[in-house]
Each structure stands twice: as structure tokens, then as C-alpha cells.
Amino acid sequence: MPVRIENLNFEYNPKTPFAKRALFDVTLDINDGDFFGVIGHTGSGKSTLISHLNALTRVQSGTLFVNGMDLSPKKIDFKKLRSTVGMVFQYPEYQLFAETVEEDVAFGPKNIGLSADEISQRVREAITMVGLDYQSIRSRSPFDLSGGQMRRVALAGIIAMRPDILVLDEPTAGLDPRGKQEILTLIKKIKQTCSIVIMISHNMDEVSACCNRIAVFSEGKVHGVYEPRELFAQKELLEKLNIDMPGVTNIASMLADRGFNVDRSIISEDELVDAIVGECQRRGLCAK
Amino acid sequence: MSIIQLQDVYFTYNRASDSEVRAVNGVTLSINEGEFVAIVGHNGSGKSTLAKLMNGLITPDKGKVTVAGLDTANEKNLFDIRRNVGVVFQNPDNQMVATIIEDDVAFGPENIGMPSDQIRERVYESLKSVGMYDYREGTPHRLSGGQKQRVAIAGVLALRPRVMVLDESTSMLDPRGRADVMKVVNDLNKKEKMAVVMITHFMEEAVTADRIIVMNEGRIYMQGGKEIFKRQAELESIGLTVPLASRVANRLREKGVVIDEDVTTYEELVNKICPLE
Amino acid sequence: MREITLGQYYPVRSVIHSLDPRAKLVLMIAYIVMIFFVDTFVGYGLVLLFLLLVIFLSKVPLGKVLKSLKMILFLVIFTVVMSVLFYNGNENDLLWGWGIIRIYSQGLINAGKMALRLIFLVLGPTILTFTTTPVQLTDALESLLKPLSYIKVPVHSLAMVMSIALRLIPTLVEETDKIQNAQKARCADFETGNIFKRAKAMLPVLIPLFVSSFRRADELADAMDSRCYRGAKGRTRMKKMHFRLRDAVSLLIFALFFFVILWLRYNFFPAFFDLSLLTWLV
């Protein structure tokens, strides 16, 4: 079931001298099956928007439906909502608190009020899913793990709630290249068990590689929703909004500027290499 | 002339306990005056431990670290060593001391007992060179990550060290912040001739370095200029990548496209494929 | 968060703002002592005039200053009511009586004085914090207490601890907020249940907060060491506190004022000018 957002407005500290408008008439539809990217600069309203999705921030004006649930009324079923929308914040490893990994991952399921059997089954499943060995890690302290492992445990803590919609805020921040790759692979795997994945990221390589639709935020407004190729091929628009291109698109675009025949909407390394090789062969620049 | 020298250095965290971690395993290297050295490696490769060894925050279990000829193992030398080697750390929130930006930058010069008008001069100069002068009377709390790191760099600059070590200082920043910090660091190295040791896992940040040192399991795995990016498979086997442009160049070469020189940046790659007439 | 770091500091340039924080701190303490010597309405009137003058000079809007009295409003009302009700006075002084409730005019006068004393006591520190940042106050305290370091009181370290605390409070408040949200997203419930249940519910917030505070402390210590910190030894300051003419003048004016207040109370020179002639004023 989808997410429907209509004319959502939000202001911090309303009616005080510190009042600051964060969202202006945001209207968005996120559909089942979407791997939805949210991009924009720090302070563009991305985080305010996603914290609406599980009612950490409450609707001030406009409407917001998540899986058919209206989030406007003051009283809503928070447990139901928050087990439907799994939220992974930036540096989620900083929320670990329990004595053992197992206990930490069980925190969410326990709060939902599941039975002990159900909890232990979900915990085992979640820990295995994030690529950790359940037997060897379950009784270790989460604080003794490496940074990458801690992040997976934190992710497992959300997965164990079996969310239908998974929201990720900069899931790869601070990781080394291998750690980044592993987390992205993991997220793609989790995607198969959820209806919707929403990801905030500053890394355009990741966004273009993972998402099928991308919402561009700018100063509290949605500038538009695009497919990756459609968005990154628009050099002028990106420059205007001060958004980087994915690396491969950038190279393609620089080549195209010089009259080299490559498509500006290239978003993968394989495509780029093939396109360059093809054109070089046409131009007779190859050794073969 | 070398400023920092590590001679066959070993270091182990939590020595003689169950959680013993060997971090540095026999490293010999030197950092020369005015040089830009990048130290790359995956998390846990021992690269950050090197930063702490370089200004005496930790001392080697075996081997010797000297800065401008002074042994870091001798506590009496530490003050002079730290005037020579400034360190910018990873988390921008955990290295600010004061609630006002200019006060924070003044912290170092205050500690070395400089007269107050001279401190002010240095603080202003340092803030200007990182482009944060206009913010001097504000609080660090309001700044973005990249701005905070530039203030931290100014704090180090105010001590006028001969070497600046950046210990994963860009890893928590967004692309904009990272680019701003890199620009400041490159300028310092090129214009002020300050030696820079850039510890990072972003290969793109290593491409401008004079020398790249690749760490793995506490040892130097590989070192050299940007020609090392041709050894893509080896680098990938230890959890690193090569810069996108090098990667594409390597693949094009395999497919028979003639790209002879070492390519690390987009411009270089594009120039090779499609030279400007 | 700015509110926490800067307290209620009101950032304008004024004579009062530019005074040496040490002078201001000393003045504030002397002022509090002085208030206890005031016992006539004439005296309170003079103090009021003095305060109005200082507020005017500080360029802090009067409304802002008065707003800070809001938090002691209840205390003032409570004190007034209590002292009116429990005043045991002379029967010819009785204004109004009903059952055991007896209100005497002297009781009213006493209550009024007490209320004024409370209000004036609060206004002193209020004006100080409106015109002086917490950092300046810390520095002033360090400087004034310096003599204590000769008897091995770690004055510098204490001041450093205070200023780092001021620096870290906003960061920690923000972090608490983040962790709390993260746990709420895992269906943690902080709002229902009795006090024990709620306290227990805070553990998943407090533990990560402690862990990260220790990590921060560690990293901050490394950063300070790296920037040549070695305690008070050989340390200078960029922003020196300057005790200038205006500070001396302020202290002098205040001393005179204090003298007048004491004179009002003790009638020092009856031969020269007998204040008791003015009793009709009270």
C-alpha cells in the first residue's frame, strides 16, 4: 500500500520569533514497488518530510496517508504505524543500547508486543538477513563490534519489526568503500521483502544505481520527481539546483560536450565503457 | 628534508588483555617538508593509529617515532612536537572547545602563551584562509559539518604547524563539505607549502597526493604515485576501490582503447579519449 | 539550542555590555548584599530608579527584563499572602477581620517590602545574564578566584570544565533528541505508565547517550592535547578582560549609591542632616 502526501506544510516553532518554515505544499505519491530516492541539500526539508512518515513529526496542515492510514488526527495507532514504517536514521549504530546483540534487535518486536517465540524467530531471521552469523554474534555486546557490524545490527533491529515501508537516511555515511557496497547490496536484498524503500542520500552514484524514482527537494519544496536517467541527463537543471551528477554521467556529459557521441543519460559504469568503446571503434581509435 | 619519521613502529591497543588489537605492525615511513601524502586503507587497517602516533597521542610499543628530530616517547618533547604536527580529527563536533568560533580557533595559540594581539592576528588570518572569517563571532553549533571542519582546520593552522594530519576528516561530510575541505587543504599545501598527511578511504581524495601509502593489516601494502591505481585488482582485494576515472581507463585499456598514461581525474580521462583540438 | 548556550544573553552593544565581566560580577554580588540593607519604601524607590537607569543603559527592552520575573511570580504572591495572613499585629492597626483572618496595615506594609526585596533580588542576576555571556562569566569567575589556586584549588580546571560543558550542552541535547526519535521509531513508549515504568523506558536513550558522551570526551581530550593544551601553565588569552576607567567609575558610582542606602538606614550624621525628620516619607 502506498504513501500519499498532499499539500503538506510544516513550520518549526510556529508562532514564535524562531519560527522556521520547513515544508511548502509538498505533494508526493510513492507507490508500491518503488525504490524512492530523496535528494537535496542539507536543510532542504528531506528529513522533516521523512519524519512525518512515522509520525515523529506530526501533520500541521495538509494530508498524509501511509498504507491507507490517515496521519492527520491527533490520536493514531503509533505501534501499528511504526511497525509498518521502519526508520533507519543516520549513523543508526548510535542507538544501540542493550547488553547483547540479540536483546537489542529484539527491542522493537518486544515493544510491538509480539509473543516470545515470534520475537526470537524474527530476531534470528533479521540477524541472518543482514549477513551476520546468528550463533556467534547473538550474545556479544553490540559495543564490541566493528563499525560496519554495528550498523548491520542496528538495521537488523528495524528489519525484525518486518516493516512494509523502509526509510533510510544516508545509510552508507561514514563507511569505507567495501562497507558501503555491502550495505547497498543488503538494502537491495531487503527491498525484496518490503513494498517500498525510501532512501535519502547525498551520494548520486548510489541514488542512480538503486532508485527507480527520485524526488528533488529544494528549500522545502519538491522540485520534481524524476526517473534517474531523466534527471541526471539534465545538465542545466542540475547546475541550477546545485546537484552533482553521478560520476559516470558526469564523464559521459563531459565527453558529449566535446562532440563525442555518447548518451548523456548513462548511469552505469558498464554502459559508459561500452559506449566509449563503441564510439572509439567507429572513430578508429582502438588498437584492435 | 623529513619532518616526521617512523622507524619500524609497532602498536597494539589494549595490550595484554583479551581484546588485544594489533593496529600497526612494523611501519617505516617518513613525511617530508611540503609534501602531500595520502594514507589510504579500509576501516581497521591501522591508518588512524598512524595519525595518533605522529603527534605523540600514543607512543609505539616497539620502534621509534620522531618529529623534527624529537622522540615522541619523551614526554618533555610533546609540546614542541604538537606545535609542529597539527591534527584534524574525524568528528567535527568532538574537537571544538569554545562556544564562539574565534575563541575556538584561539585555543591553540593561547596554549602556547602567545600575546593576545598576536593571537587575534593569527586567528583572523587562519579563519580567512579557510573562508570562515565572516562567521567568527557565531557559535559552531549552527554550522554545517563542512564548515565545522574548516573551523577545526583553522584551529590547527593558528599554531602554524609544519605538518597537518587529517584523520578521516571528510568521512562524515556531505559531498559539498568534502569538496570545500579538500580545496582548503590543497591550497594550504600548494600555496603555503604546508606538508599534509591525508588519511582517508576515499580514493578520489588521494589522487592529488605526491605519494600514496596503502595500509592493510597494520602494514604498508603498497606505496607510490598515482601509477598504483593501475593495480586495481590488488586494491580491491583489500577492500579499496580505485578512482572512477582510473577504473574506467583500466577497463577501456582491457577492451583495446589506447590510453597510455595514468589517468585519475575525469578531466584527464576525457582529454585522453577526446583531446581538445 | 542557542538559548541554552547563551543563556538569555541579549546581543547588543551597550555600556553595560562592555563593562569588564569581573566588575559586573562583583557589582552584582554587592548589589545583592545591598538589597538586604534596604528597609524603607524610599530606599526601594531609589533602587528602582537605579535599576531603571541600568536597564536603560543596557539597551535591553524593559519588557524582556520584566518577563524574567514571571517565573518568580508565584513565589512573590505566595510570600505576600502568607506574610499578610500570619502577621500578628496591634489591634488598633487592624484593617479588616473575619474569623481568624485578620489583616493589619503593618502586615500589608511588611508584605509589600518583602515582595519588593524578592523582585529586586532576582532583577540583579537577570540584568547580569542579559548583558554577559556564560563564557564571559566563567572567565570572570576564573579570574576572580585565581588567588584560590595558591591554596591548590584547581580554579583553571574547574573553569575549563564549565566552559566545555557550555559548549557540549547543545550537542548533547540534540543527540538526546535523535536517540529518542530512533527508539520511538522502534515503538518505544516514553509517555505512558507510572514513574518507574517511564524511568525504565528512558534506559534505551540514556545508555547510548552515555556511551557517546564518553567517546566524545575521549576524542575531545585528544583534540585538546593535539592543540598543545597543558592546563593553566603558560596559557594566555586572546580576549583579555580589561579593567578600564569605565569599570572603575561604575564601581565608584555603585559604592556611593550603597553608601546612600546605608545612610538611609543608619542615619549616620544626625547632626548634619537628620533623616528621622523625613519619617513621614515612609
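This is a predicted model: local features need pLDDT of at least 70, side-chain atom pairs count only at pLDDT 80 or more; totals for chains, interfaces and linings use all residues.
Trainee: Which residues of helix 8 of chain C are buried?

Mentor: They are Pro134(C), Val135(C), Leu137(C), Thr138(C), Asp139(C), Ala140(C) and Glu142(C).

Trainee: What about Gly107(C), where is that found?

Mentor: Gly107(C) belongs to helix 7 of chain C, which runs over residues 105-131.

Trainee: Is Gly107(C) buried or exposed?

Mentor: Gly107(C) has a relative accessible area of 0%, so it is buried. Leaving aside residues up to four places away in sequence, Gly107(C) touches Val84(C) and Tyr87(C).

Trainee: Changing topic: how many residues do chain B and chain C bring to their contact?

Mentor: Chain B has 39 residues in contact with 33 residues of chain C. The area buried between these two chains is about 3200 Å², and carbon and sulfur atoms give 53% of it.

Trainee: How many salt bridges are there across that interface of chain B and chain C?

Mentor: There are 6 salt bridges between chain B and chain C. One such pairing is Glu110(B) with Arg235(C), at 2.9 Å from N to O. There are also 18 residue pairs in polar contact between chain B and chain C, both residues being at pLDDT 80 or more.

Trainee: Which element of chain B gives the largest share of the side that touches chain C?

Mentor: Helix 3 of chain B does, with 10 residues. On that side of chain B, the residues divide into 17 nonpolar, 11 polar and 11 charged.

Trainee: Now for chain A and chain C: what area is buried there?

Mentor: About 1600 Å² is buried between chain A and chain C, with carbon and sulfur atoms giving 67%. This contact takes 21 residues from chain A and 15 residues from chain C.

Trainee: Which helices of chain A give two or more residues to the side that touches chain C?

Mentor: Helix 2 (78-84), helix 3 (101-112) and helix 6 (147-159) of chain A do. Helix 3 of chain A gives the most, with 5 residues.

Technical notes
Residues are numbered from 1 along each chain as its sequence is written. Chains are lettered from A and ligands numbered from 1 in the order in which they are written. Side-chain values use heavy atoms; hydrogens and water are left out. Contact means heavy atoms within 4.5 Å. Buried area is the accessible area (1.4 Å probe) that two parts lose on being put together, summed over both. Helices (H or I, at least four residues) and strands (E, at least two) are DSSP runs, numbered from the N terminus. Buried means under 20% relative accessible area, exposed over 50%, partly exposed in between (1.4 Å probe, protein chains only). A salt bridge is a side-chain nitrogen of Lys or Arg within 4 Å of a carboxyl oxygen of Asp or Glu. A polar contact is a pair of N or O atoms within 3.5 Å; within protein, one must be able to donate a hydrogen and the other to accept it, and residues adjacent in sequence count only if both atoms are side-chain atoms. Ala, Val, Leu, Ile, Met, Phe, Trp, Tyr, Cys and Pro count as nonpolar, Asp, Glu, Lys and Arg as charged, and the others, Gly among them, as polar.
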